[in-house]
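Dear colleague,

I am passing on the structure below, and my notes on it follow.

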Amino acid sequence: TARPLTATLAPVSKVYDGTTAATPVLTITGGLVGTETVGATGSGSFDSKDVLGATTVTVSGVTLADGANGGLASNYSLAGGQSAAGSITPRLLTPTYVGVDKVYDGTTSAGATGSLAGVLGADSVGVSLVATSTVRDVGVRAIDLGGIALTGADAATVLHSFCRLPVPDRGPSNQRRRGRARQLEHYCGGVGSMSVLTDQMR
């Protein structure tokens, strides 16, 4: 009969992908004869698919492979069930922010919209922001973004990447001046309130 082996499981980490699937790394710690070696790969799962809920990985299946010094997988057996610490890190998203044109109204009010690239499947993740400006006159102006935050049921599973804001023209009724938008990039960091650099379109 096959000789039983023992093995340990190293801590497992992955970037959030919406599943509990894990790729365990097993190290054989006992049972090999002499200098024989065999390889071991496994399948397993996290105890949660979410960043905040995943703490443990458990091996559900093991496959042995022939090794060196005459070590044959068929001569050995290794049961699953090993467990170790597991963690899931937030998925990186790329937000794009676009300034909204407005008709002259004598105020400095401003608007912008945000969208996110990289959200998985049916996950619910959005972005909220506050747009302001200090310019009230017709023409090109800078827009400031503040209070940027991820929203939605799955917001804790992701992080911002680069914030991009093409700043729009602002013109009077019946007329919109179109210029060239400079794409600006500023690293925003993680979840929470953030500020974005501003620029002008000329």
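A residue is called buried here when its relative accessible area is under 20%, exposed when over 50%, and partly exposed in between (1.4 Å probe, protein chains only). The model is predicted, with local features needing pLDDT of at least 70 and side-chain atom pairs pLDDT 80 or more, while totals for chains, interfaces and linings use all residues. Residues are numbered from 1 along each chain as its sequence is written, and side-chain values use heavy atoms, with hydrogens and water left out.

Val57 belongs to strand S7 (strands being DSSP runs of E, at least two residues, numbered from the N terminus), and Val57 counts as buried because its relative accessibility is 0%. Although 45 residues separate Val57 from Val12 in sequence, their C-alpha atoms are 6.9 Å apart. Taking contact to mean heavy atoms within 4.5 Å, and leaving aside residues up to four places away in sequence, Val57 touches several residues, including Leu9, Val12, Phe46 and Ala84.

Leu9, under that sequence limit of four places, touches Pro24, Val25, Leu26, Val57, Val59, Gln82, Ser83 and Ala84.

Val103, by contrast, is partly exposed, because its relative accessible area is 32%, and it sits in the loop between strand S10 (91-99) and strand S11 (112-117).

Best regards

Definitions and conventions:
Helices (H or I, at least four residues) and strands (E, at least two) are DSSP runs, numbered from the N terminus.
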